[in-house]
Amino acid sequence: MTSLLHLDSSASDHGDSVTRQLTALYADTWRCLHGSAGYRYRDLAAEPVPLVSPAFVSLGIRVERRGPVALPEVAEMTEGPAEEREWALTLPLIAEMRAAETVLVGVPMYNYSVPASLKAWIDRVTFPGAFLDAGTGDHLLRRTNVVVVTAHGGCYAPRTPPGGFRLHTPPPRGSLPPPGVAPADLCL
């Protein structure tokens, strides 16, 4: 089944947000072509992903030191309720990402960068080894397409005072696309 994970991160409502309008147009077109069965929507502004905590970092370091770990085994590596909670918040986000053939991300510019709501999601889904096959080390997102829709207000043209501060375009290469997504499968 063809699948689309649609992420919006603008705090503005649909009528005021250019990225929401553009991602909605893309998603509507996609659903017309493929149906609604494989469509998943996440509004990162309305339902923010919690920021990572020291327990998340501790678990991530432990997993990273061990090497590629199958996702079910990560739960067995947790130490205490705080790490269990962090993994319970993170695993569904990773599962959504792994299940999607296409990921559509609406990225407005706030204070010269991506919204904190999107950054919190990126921090979670880029958990160490989340997109590697534990047995082979192969990248699991090799055939995943990532479509990034960006927008900003104001003038950020070259040689204008804020011209060098467009830090959301292109998105940080270390976070979008996630590790394993082929550069040819990233549409900006």
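Helices here are DSSP runs of at least four residues, numbered from the N terminus. Keep in mind that this is a predicted model. With that in hand, let's work through some exercises.

**Exercise 1. Find the place of valine 57, and work out whether it counts as buried, partly exposed or exposed.**

Step 1: Look along the helices. Valine 57 sits in helix H2, which covers residues 54-66.

Step 2: Bring in the cut-offs. Buried means under 20% relative accessible area, and exposed means over 50%.

Step 3: Valine 57 has 42% relative accessibility, so it counts as partly exposed.

Step 4: Val52, Val57 and Ile61 make a nonpolar patch of about 200 Å².

**Exercise 2. Describe the largest nonpolar core, and say which element gives the most to it.**

Step 1: Start with the count. This core has 31 residues. The ones with the most contacts inside it are Val103, Leu118, Trp121 and Phe127.

Step 2: See where the residues come from. Two or more are given by each of these elements: strands S1 (4-8), S3 (102-108) and S4 (145-151), along with helices H2, H3 (71-77), H4 (81-99) and H5 (116-125).

Step 3: Pick the top contributor. That's H5, with five residues.

Step 4: Apart from the largest one lies a core of six residues, including Leu4, Leu104, Val147 and Val149.

**Exercise 3. Work out how covered H5 is, and what covers its buried residues.**

Step 1: Count the buried residues. Seven of the 10 residues in H5 are buried, making the helix mostly covered.

Step 2: Name them. They are Ser117, Leu118, Ala120, Trp121, Ile122, Arg124 and Val125.

Step 3: Find the cover. It includes strands S1, S2 and S3 as well as helices H2 and H4.

Step 4: Zoom in on one residue. Leaving out residues up to four places away in sequence, tryptophan 121 touches Leu5, Leu7, Arg42, Leu44, Val49, Leu93 and Met97.

**Exercise 4. Find the aromatic pairs in the whole structure and classify each one.**

Step 1: Search everything. Two aromatic pairs turn up.

Step 2: Take phenylalanine 56 and phenylalanine 127. Their ring centres are 5.5 Å apart and their planes meet at 75°, so this pair is edge-to-face. The cut-off for that label is over 60 degrees.

Step 3: Phenylalanine 56 is in helix H2 and phenylalanine 127 is in the loop between H5 and S4, so the pair ties together parts 71 residues apart in sequence. Both of these phenylalanines are buried.

Step 4: Move on to tryptophan 87 and phenylalanine 127. Here the ring centres are 4.9 Å apart and the planes are at 55°, so the pair is tilted.

Step 5: Tryptophan 87 lies in helix H4 and phenylalanine 127 in the loop between H5 and S4, so parts 40 residues apart in sequence are tied together.

Step 6: Ring pairs link Phe56, Trp87 and Phe127 into a cluster.

**Exercise 5. Count the salt bridges, then look at three of them: where do the partners sit, and are they buried or exposed?**

Step 1: Get the total. The count comes to 12 salt bridges.

Step 2: Take arginine 20 and aspartate 43, whose side chains meet at 2.8 Å, N to O. Arginine 20 is in helix H1 (residues 18-34) and aspartate 43 in strand S2 (residues 39-43), so the bridge ties together parts 23 residues apart in sequence. Arginine 20 is buried at 8% relative accessibility, and aspartate 43 is buried at 17%.

Step 3: Next come aspartate 28 and arginine 31, with an N to O distance of 2.5 Å. Both lie in helix H1, three residues apart, so about one helical turn separates them. Aspartate 28 is partly exposed at 39%, and arginine 31 is partly exposed at 23%.

Step 4: Then there's the bridge between glutamate 79 and arginine 62, at 3.3 Å, N to O. Glutamate 79 is in the loop between H3 and H4 and arginine 62 in helix H2, so the link joins distant parts of the chain, 17 residues apart. Glutamate 79 has 54% relative accessibility, so it counts as exposed, while arginine 62 is partly exposed at 23%.

Conventions
Residues are numbered from 1 along each chain as its sequence is written. This is a predicted model: local features need pLDDT of at least 70, side-chain atom pairs count only at pLDDT 80 or more; totals for chains, interfaces and linings use all residues. Side-chain values use heavy atoms; hydrogens and water are left out. Patches are made of residues with over 30% relative accessible area and no salt bridge: like charges are joined within 9 Å, nonpolar side chains (Val, Leu, Ile, Met, Phe, Trp, Tyr) within 5 Å. Accessible areas come from the Shrake-Rupley method with a 1.4 Å probe; for residues, only the protein chains shown count as cover. A salt bridge is a side-chain nitrogen of Lys or Arg within 4 Å of a carboxyl oxygen of Asp or Glu. Buried means under 20% relative accessible area, exposed over 50%, partly exposed in between (1.4 Å probe, protein chains only). A nonpolar core is a set of buried Ala, Val, Leu, Ile, Met, Phe, Trp, Tyr and Cys residues joined through side-chain atoms within 4.5 Å. Contact means heavy atoms within 4.5 Å. Rings of Phe, Tyr and Trp (its six-membered ring) pair if their centres lie within 6.5 Å; planes under 30 degrees apart count as stacked, over 60 as edge-to-face and the rest as tilted.
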